[in-house]
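This report describes selected packing features and contacts of one protein model. The sequence and structure are shown first.

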Amino acid sequence: MRISIVILASNNFTINEHVKELALSPFVEEVILLTTQKIKNASVYPQIISTNIFGCESIEKIASVVKSPYTMFLFSEEIIRIPDDKFFRINSIASNTKAGFLYFDHIEKKSGNLIHHPTIDYQTGSIRDDFDFGPIWMIKTILLKSYASYVDVEYKYAGFYDFRLFLSRQDTIVRVPEFLYETAPSDNRTSGEKQFDYVNPKNRVVQLEMETVATDHLKKIQAYLKPDFTDTEFNPASFKVTATVIIPVRNREKTITDAITSAINQKVNCSFNIIVVDNYSTDQTTSIIKTLSEKNDKLIHVVPSEKGLGIGGCWNLAINHKDCGMFAVQLDSDDLYSDENTLQKIVDKFYDARCAMVIGSYTMTNFNLEELPPGLIDHEEWTSENGRNNALRINGLGAPRAFYTPIAREIGFPDTSYGEDYALSLAISRSNKIGRIYNSLYLCRRWEGNTDSDLSIEQQNKNNYYKDKIRTLEIIARQVKNKKR
């Protein structure tokens with residue numbers, strides 16, 4: 001079986017030896033360049049000119065010319081090398097499985113070193129638009145042509161995203177966990193630097209289009225939720241205090257004093273306390289908390305009865321504590337509130353919106369609290385009409401997070417140290433209203449001590465797979481909810 005190869009190429013693209021090797025491969029029917037304007041030094045290859053290279057226009061034009069049973073997209077101008085024996089393997093898997101979409105593990109060449117880059121398995125909840133398939137997609141051409149005739153919205157930026165979700169509804173998406181090609185990374189930033197790309201204001205137009213695509217997909221798989229909410233009825237008589245600031249911590253001797261002090265200094269017109277869950281710290285964190293708690297009766301120092309709890313387990317311990325208030329408010333041990341009015345603003349929002357959860361906005365800073373790009377993270381993409389649907393597309397909902405304690409207790413956090421807050425937030429949003437505050441309430445420190453500052457590909461994959469699993473479970477729950485209706 002011979003395949004068609006489409007290379008997404010910029011206007012200054014140059015033909016390298018590996019492109020020539022691909023064109024001469026016995027497994028390749030044709031090499032086509034997809035670009036925004038004609039490339040003069042590559043006239044030997046057919047070129048498709050598209051105004052918006054990631055838009056539906058590109059897919060429609062490609063579908064009209066490709067001839068082979070499978071079309072391979074190369075989403076990178078970096079050197080991509082597929083040895084003949086690997087090409088044979090790719091061809092064989094496609095021929096035998098007839099899968100609609102195949103993607104592969106690969107090897108990255110960095111500074112002369114060859115580094116294995118595994119991907120993760122695709123699942124129902126893998127609907128985020130930044131899912132890492134690697135720079136090669138192998139698509140059954142009949143599905144490419146089917147999408148081109150089916151699509152009725154000319155997306156400018158989200159065409160390939162819409163196409164991928166269409167494929168997931170029509171056929172199987174198969175990961176091949178074998179290292180079948182070699183490439184060079186196109187983005188050398190750390191995981192911590194990439195983490196907030198989707199909330200960068202310059203990407204706003206793109207993100208709105210992505211949201212439209214994701215929402216349409218949820219409707220087609222019966223997981224979309226209409227904006228139907230009832231007000232949350234609060235029961236203050238059941239609690240000793242109105243609000244509790246909750247700080248899970250382990251080994252944060254450099255930052256825990258700042259966090260606790262910012263909580264103690266809150267000025268509110270209601271009663272509040274602070275529960276610090278000290279998860280068996282081995283540095284000076286425990287003694288710092290003990291000293292501070294002896295000086296302030298608002299501060300409750302809790303040590304779990306068992307070792308090995310994740311952050312979610314620490315939260316469960318805190319929200320079920322006898323002294324936890326009616327509203328449980330997050331404060332990470334690295335961070336601090338932006339001023340002494342943060343807690344009051346959160347409490348006010350609960351009462352004004354009659355909601356089960358409040359999410360604020362935060363400012364990115366370095367360890368010394370100097371602002372870092374992109375600055376304010378306000379998750380302005382959230383709307384009361386569609387926020388809980390779009391929440392399945394993005395990787396987070398913002399901070400600080402605060403919960404009406406009875407509902408948080410009823411659902412509970414998963415006992416993990418990644419994604420635990422996201423899981424609870426999605427579950428709350430399934431049935432309850434979430435209130436938003438778009439002014440900065442919180443200073444989020446980014447420093448080498450953060451657990452996600454520079455993760456290995458293996459840890460990134462583990463985190464991403466788990467969040468996709470959270471989305472999978474949530475989509476199933478929403479489908480069941482809709483079926484009952």
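## Surroundings of Ser281

The side chain of Ser281 reaches the backbone nitrogen of Asn251 at 2.9 Å. A second polar contact, also of 2.9 Å, links the side chains of Ser281 and Asp278. A polar contact is a pair of N or O atoms within 3.5 Å; within protein, one must be able to donate a hydrogen and the other to accept it, and residues adjacent in sequence count only if both atoms are side-chain atoms.

Ser281 sits in the loop between strand 10 (272-278) and helix 9 (285-295). Helices (H or I, at least four residues) and strands (E, at least two) are DSSP runs, numbered from the N terminus. Ser281 counts as buried because its relative accessibility is 13%; buried means under 20% relative accessible area, exposed over 50% and partly exposed in between, with a 1.4 Å probe and protein chains only. Beyond its neighbours within four places in sequence, Ser281 is in contact (heavy atoms within 4.5 Å) with Val249, Arg250, Asn251 and Thr286.

## Basis of the values

This is a predicted model, in which local features need pLDDT of at least 70 and side-chain atom pairs count only at pLDDT 80 or more, while totals for chains, interfaces and linings use all residues. Residues are numbered from 1 along each chain as its sequence is written, and side-chain values use heavy atoms, with hydrogens and water left out.

## Helix 1

His18, Val19 and Leu22 are buried in helix 1 (residues 17-24). Viewed down the helix axis, the buried residues fall within an arc of 105°, so they line one face of helix 1. The arc is taken from the directions from the helix axis to the C-beta atoms. On the other side of helix 1, Glu17 and Leu24 are exposed.

The cover over the buried residues of helix 1 includes strand 1 (3-8), strand 2 (28-35), strand 4 (70-74) and helix 3 (84-97).

## Nonpolar cores

A nonpolar core is a set of buried Ala, Val, Leu, Ile, Met, Phe, Trp, Tyr and Cys residues joined through side-chain atoms within 4.5 Å. The largest has 111 residues, of which Phe73, Phe163 and Phe350 touch the most other members. Helix 5 gives the largest share of this core, 6 residues. Apart from this core lies another of 32 residues, among them Ile7, Ala9, Val31 and Phe104.

Leaving aside neighbours within four places in sequence, the contacts of Phe350 include Phe234, Phe327, Met357 and Tyr404.
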